[in-house]
Amino acid sequence: MSRHILPHALQIPAIKKLKDKRIVLASNSPRRQEILKTFGLAPDIVPSTFREDLPASSFEDIHEYPVATATHKAVEVYERLVQEDPDNAPDLVIAADTVVLTHALPLASQISYADLPQINQELLEKPLDKSDNLRMLMDLNGGVCEVVTGVSIVYPVISSPGYDIKSIDERSLVYFADNPKHLVSAYVNSGEGVDRAGGFAIQGLGGILIRKIEGDYNNVVGFPATSFFKLLDMLVEEDSDFLDI
């Protein structure tokens, strides 16, 4: 078994294809590492140095923003590792970025936010401090938000520039209970939400604020494993050269 494939991994086509390949996660997020390990992947950890400062206002569809950030992170790590040690280049670099949008559109809607200017979808990334965290959570309180994770993978190909990129975005709806302010304040004071997109961690103490979710739970935590493995299986099926360069 490959050092990146754990014994409990399900023997699906993607896992079999990854055997003996060098897999890299371009993130230091313990949450993403834990989700991948749950499904049998233990990649090398090489955090990206990309500044993650793309102007969100430059995207016509805000859902493209985390995908673009994930792509920049994956490409930066791939190019850096190839340059540092061409003989030990990665076979697959995985990157992700998660954002939270207030007042989410329905998952089934095919209408762009640009066509619905009366709906104020505010982009909520990591709060600046506890005061900002409280503001975010009080805005979300009793309402619904949309959690969007962009995932990009980079892998070698023969054609220029020597690698290909595939990306997906996953969207989940999170419904907040109508929480009393003292509960929200107590959560903010715990400090758990300060380094989380949207200012809460559904898998931690923040779960007390949540009434229900629609969509992939792991996506809300930070990595949509189901869609990720579906993407890999699709590439294995449709591209005979995938990971064979």
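## Contact of H4 with H5

In the contact between H4 and H5, Lys130, Asn133, Leu134, Leu137 and Met138 of H4 meet Lys181, Val184, Ser185, Tyr187, Val188 and Asn189 of H5, where contact means heavy atoms within 4.5 Å. By class, six nonpolar, three polar and two charged residues make up the contact of H4 with H5; Ala, Val, Leu, Ile, Met, Phe, Trp, Tyr, Cys and Pro count as nonpolar, Asp, Glu, Lys and Arg as charged, and the others, Gly among them, as polar. Helices (H or I, at least four residues) and strands (E, at least two) are DSSP runs, numbered from the N terminus.

The axes of H4 (residues 130-140) and H5 (residues 181-190) come within 10 Å and cross at roughly 140 degrees, the axes being lines fitted to C-alpha atoms, for helices over the stretch in contact, with angles that run from 0 to 180 degrees between N-to-C directions. H4 and H5 are therefore oblique to each other.

## Basis of the model

This is a predicted model, in which local features need pLDDT of at least 70 and side-chain atom pairs count only at pLDDT 80 or more, whereas totals for chains, interfaces and linings use all residues. Residues are numbered from 1 along each chain as its sequence is written, and side-chain values use heavy atoms, with hydrogens and water left out.

## Lining of the largest pocket

The lining of the largest pocket comprises 27 residues, among which Arg31, Arg32, Thr98, Lys126 and Asp195 lie nearest the pocket centre. A pocket is an open set of points on a 1 Å grid over the protein atoms alone where a 1.4 Å probe fits, with protein on both sides within 12 Å along at least five of seven lines, and lining residues have an atom within 4 Å of a point.

Helix H2 (30-38), strand S3 (92-102) and helix H6 (217-221) each supply at least two lining residues, and the largest share, four residues, comes from S3. By class, the lining has eleven nonpolar, seven polar and nine charged residues.

## Backbone features

The peptide bond from Ser160 to Pro161 is cis, with omega near 5 degrees, and Pro161 lies in the loop between strand S5 (144-156) and strand S6 (163-176).

How values were computed
Angles under 35 degrees count as roughly parallel, over 145 as roughly antiparallel, 65 to 115 as roughly perpendicular and the rest as oblique.
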